[in-house]
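This report concerns the sequence and structure displayed below. Please keep both in view while reading.

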Amino acid sequence: MQAKKRYLILLSAGACLVLLFYLGGVQLPAASRSRHDRSRNGHRPEQPWPHFSDPLHPFLPWDQTDTEDYNLHISPRQKRDINTSVYKGKRCRMDSCFDFSLCRKNGFKVYVYPQQKGEKISESYQNILSTIEGSRFYTSDPGQACLFVLSLDTLDRDQLSPQYVHNLKTKVQNLPLWNDGRNHLIFNLYSGTWPDYTEDLGFDIGQAMLAKASISTENFRPNFDVSIPLFSKEHPRTGGERGYLKYNSIPPFRKYMLVFKGKRYLTGIGSDTRNALYHVHNAEDVVLLTTCKHGKDWQKHKDARCDKDNAEYDKYDYKEMLHNSTFCLVPRGRRLGSFRFLEALQAACVPVMLSNGWELPFSEIIDWNTAAVIGDERLLLQIPTTVRSIHQDKILSLRQQTQFLWEAYFSSVEKIVLTTLEIIQDRVLEHASRSSLMWNSHPGGLFALPQYSGYLGDFPFYYDTLGIRPYPKFTAVIHAVSPLVSQSQPILKLLAAVAKSQYCAQIIVLWNCDKPLPAKHRWPATSVPVIVIEGENKVMSSRFLPYEIIVTDAVLSLDEDTVLSTTEVDFAFTVWQSFPERIVGYPARSHFWDSNKERWGYTSKWTNDYSMVLTGAAIYHRYYHFLYTNYLPTSLKSMVDQLANCEDILMNFLVSAVTKLPPIKVTQKKQYKETMMGQVRGQQLASRWADPDHFAQRQTCMNKFASWFGAMPLVHSQMRLDPVLFKDQVSILRKKYRDIERL
């Protein structure tokens with residue numbers, strides 16, 4: 001009897017233990033519990049607002065999906081769905097599905113398939129292809145290509161869309177260079193269709209990379225795919241508008257704290273989050289508006305709130321809300337991405353992301369924690385409290401970063417496409433890839449080319465960040481186009497004056513004259529080295545080549561007929577040391593909009609206003625030689641060389657496009673007058689600057705350059721730095737540049 005009781009007691013205790021285990025009464029070991037929770041829920045329970053590095057998705061990376069731990073939590077049907085998914089290359093990474101050997105011989109070159117007869121291409125996709133074909137990456141020879149882009153329009157893969165390309169599967173497979181998609185890049189904005197809106201593109205992409213909008217962390221292949229933003233067909237191809245932070249005031253609070261205005265999906269995907277927004281809306285500082293009016297049959301699904309929501313929705317102007325709110329809610333739509341994302345960035349309205357599982361655009365390079373608030377759809381009610389708790393200094397920092405990111409990577413189709421290509425190039429040329437600082441700080445990855453240097457201190461943009469100063473000497477580069485026939489020529493006087501500067505390290509005479517190089521004894525003896533080199537092909541652009549013999553950070557660019565004293569050279573260099581990312585110099589020019597001719601005009605009139613400092617007497621960082629040579633398209637440099645004109649304007653366009661700032665004009669001596677062409681054999685040559693054809697050419701150049709940049713990058717300024725009391729606090733006896741005042 002006692003044995004029977006003991007048996008029943010043991011049996012009951014065992015059953016209780018099993019029951020407690022399944023009901024959570026017995027705790028799992030801490031380490032395995034943490035891994036279990038994160039693999040199922042995709043976030044740490046104790047961290048309600050996860051960092052971007054902790055993406056909100058319920059799946060492990062695809063290269064870990066076959067582990068025993070993962071397989072415990074998916075059903076056989078899920079396994080089957082994964083295996084038969086359209087993404088047959090889910091395991092693809094650069095080292096497994098990309099042929100690096102194609103890039104070794106010719107570098108990172110991109111080939112665009114020729115357009116097939118009868119194939120329609122949307123305007124947006126044409127903008128993408130035109131950007132690639134106009135970039136420095138483009139090659140028309142597939143034998144030189146490292147990357148291939150289809151001419152077949154893959155942007156809209158919604159079967160209900162008029163832009164949908166039929167029979168794409170067959171068309172792609174028949175391409176002779178397809179090779180199962182290896183080294184191919186496919187652009188896509190919309191995938192799937194009603195009612196499921198899956199990420200199915202309708203054809204097997206094989207081993208191709210995806211540059212895709214609204215891509216989920218579930219399907220995103222890290223270090224292989226590129227997440228791009230959803231942009232509208234009205235998005236500009238080049239240029240793009242600047243951000244709106246300039247209209248803000250400090251402190252950075254606006255009329256509204258948090259806003260949203262958009263569709264409220266009554267059924268299907270995307271409805272849950274937007275249907276719940278009314279719980280947070282207070283019609284005061286939190287204004288979250290939705291409308292039921294969308295689609296042909298919205299009234300069939302109309303609920304009790306629709307009339308009230310629609311009436312409230314119509315009371316507010318969307319643009320007014322956008323530009324007068326501190327934070328902008330960016331909830332998922334039918335797909336994970338939304339047009340609201342780019343709209344918020346441009347408006348300097350800090351995006352509050354509410355789209356769990358969305359791989360944010362360019363996540364590989366952008367630290368979104370510095371420009372956005374990454375929310376959780378499951379914690380909607382906490383959002384107002386969270387954004388109100390953010391300090392105003394942090395808000396201003398977030399807002400400033402939205403403007404940088406907008407202008408650097410998102411303001412045009414061109415920037416979106418080039419950023420995509422640069423990301424892939426960094427993977428291919430890993431030894432020369434950009435750092436996170438380059439991508440996330442001014443001027444951004446498109447202008448900080450790692451092929452120039454792997455050390456940030458070699459660029460003019462990072463001195464303050466690194467706490468260093470540029471090298472305290474300059475290299476003078478004198479552009480010579482006239483034969484040396486007299487010892488009284490301006491170039492020899494200029495040589496002597498520059499060589500006496502305490503900051504001069506060396507002088508390079510770039511011989512672009514058709515006559516042979518003069519003998520060494522024809523040049524004056526100086527205390528610094530004078531190196532005479534022949535210009536490449538004797539063209540104007542050769543003055544901006546990145547010559548290896550230029551070892552200083554600063555380049556003093558001079559025309560052979562420039563008249564400068566040693567004191568003026570010293571003063572200009574001293575000023576440049578405070579503005580190393582800009583052009584600093586003497587001869588200034590300006591641009592204006594001619595409303596009668598509807599084109600940009602160029603003026604050399606001496607006014608209080610200027611936007612260019614000509615490189616006939618200017619100092620700038622040597623990095624701009626590299627950027628001029630390697631960033632600008634061959635078409636613009638060829639135009640300059642054919643005209644033998646406008647190279648100085650093009651350099652100003654480039655530097656202003658990079659810095660978003662005007663150059664710096666320094667004040668010259670009182671009797672200063674530009675001598676455009678010097679005395680040769682006792683006769684005054686006709687000045688090319690007085691030639692009306694020369695002036696007309698410069699007008700044409702202005703408009704050609706503005707067209708390529710997509711906007712006018714030049715910035716007007718009225719600031720002049722005068723040498724009389726520059727950085728000097730006291731009397732006339734201590735003026736540093738008295739000679740300039742006397743001349």
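The sections that follow treat the disulfides, a pair of packed helices and the aromatic rings of a predicted model.

## Disulfides and their pattern

A search of the whole predicted structure identifies five disulfides. With the bonded cysteines counted along the chain, the pairing reads 1-2, 3-4, 5-6, 7-8, 9-10.

One of the disulfides joins Cys 92 to Cys 97, with 2.0 Å between the sulfur atoms. The torsion about this S-S bond is about -75°, and the link between Cys 92 and Cys 97 is therefore left-handed. By the same cut-off Cys 97, at 7% relative accessibility, is buried.

## Links between distant parts of the chain

Cys 292 and Cys 306 form a disulfide in which the sulfur atoms lie 2.2 Å apart. A value of -90° about the S-S bond makes the link of Cys 292 and Cys 306 left-handed. This pair connects distant parts of the chain, 14 residues apart: Cys 292 belongs to the loop between β9 (286-291) and α10 (306-313), and Cys 306 to helix α10. Cys 292 has a relative accessibility of 0% and so counts as buried; Cys 306, at 0%, is buried as well.

Cys 328 and Cys 349 are also bonded, their sulfur atoms 2.1 Å apart. Here the torsion about the S-S bond is about 105°, so the disulfide of Cys 328 and Cys 349 is right-handed. This pair too links distant parts of the chain: Cys 328 sits in strand β10 (residues 325-331), and Cys 349, 21 residues away, in the loop between α12 (340-346) and β11 (350-354). Cys 328 is buried at 4% relative accessibility, and Cys 349 is buried at 0%.

## Packing of helices α20 and α22

Two packed helices are described by the angle between their axes and the distance between the axes. For helix α20 (residues 623-630) and helix α22 (residues 647-659), the angle is about 105° and the axes are 11 Å apart. Helix α20 is therefore roughly perpendicular to helix α22, a description that covers angles of 65 to 115 degrees.

Helix α20 contributes Tyr 624, His 625, Leu 627 and Tyr 628 to the contact, while helix α22 contributes Glu 647, Leu 650, Met 651, Leu 654, Val 655, Val 658 and Thr 659. Classified by residue type, the contact of α20 with α22 comprises eight nonpolar, two polar and one charged residues.

## Aromatic pairs and a ring cluster

The structure contains 34 aromatic pairs. One of them is formed by Tyr 452 and Phe 459, whose ring centres are 5.3 Å apart; the planes stand at 70°, so this pair is edge-to-face. Phe 459 is buried, at 0% relative accessibility. In the pair of Tyr 623 and Phe 626, the ring centres are 6.3 Å apart and the planes lie at 20°, so the pair is stacked.

Tyr 623 and Phe 626 both belong to helix α20, where three residues, about one turn of the helix, separate them. Tyr 623 is buried with a relative accessible area of 0%, and Phe 626 is buried with 13%. Ring pairs join Tyr 623 and Phe 626 with Tyr 452, Phe 459, Phe 461, Tyr 462 and Tyr 624 into a cluster. Of these residues, Tyr 624 also takes part in the contact between α20 and α22.

Key. Residues are numbered from 1 along each chain as its sequence is written. This is a predicted model: local features need pLDDT of at least 70, side-chain atom pairs count only at pLDDT 80 or more; totals for chains, interfaces and linings use all residues. Side-chain values use heavy atoms; hydrogens and water are left out. A disulfide is a pair of cysteine sulfur atoms within 2.5 Å. Buried means under 20% relative accessible area, exposed over 50%, partly exposed in between (1.4 Å probe, protein chains only). Helices (H or I, at least four residues) and strands (E, at least two) are DSSP runs, numbered from the N terminus. Axes are lines fitted to C-alpha atoms, for helices over the stretch in contact, and angles run from 0 to 180 degrees between N-to-C directions. Angles under 35 degrees count as roughly parallel, over 145 as roughly antiparallel, 65 to 115 as roughly perpendicular and the rest as oblique. Contact means heavy atoms within 4.5 Å. Ala, Val, Leu, Ile, Met, Phe, Trp, Tyr, Cys and Pro count as nonpolar, Asp, Glu, Lys and Arg as charged, and the others, Gly among them, as polar. Rings of Phe, Tyr and Trp (its six-membered ring) pair if their centres lie within 6.5 Å; planes under 30 degrees apart count as stacked, over 60 as edge-to-face and the rest as tilted.
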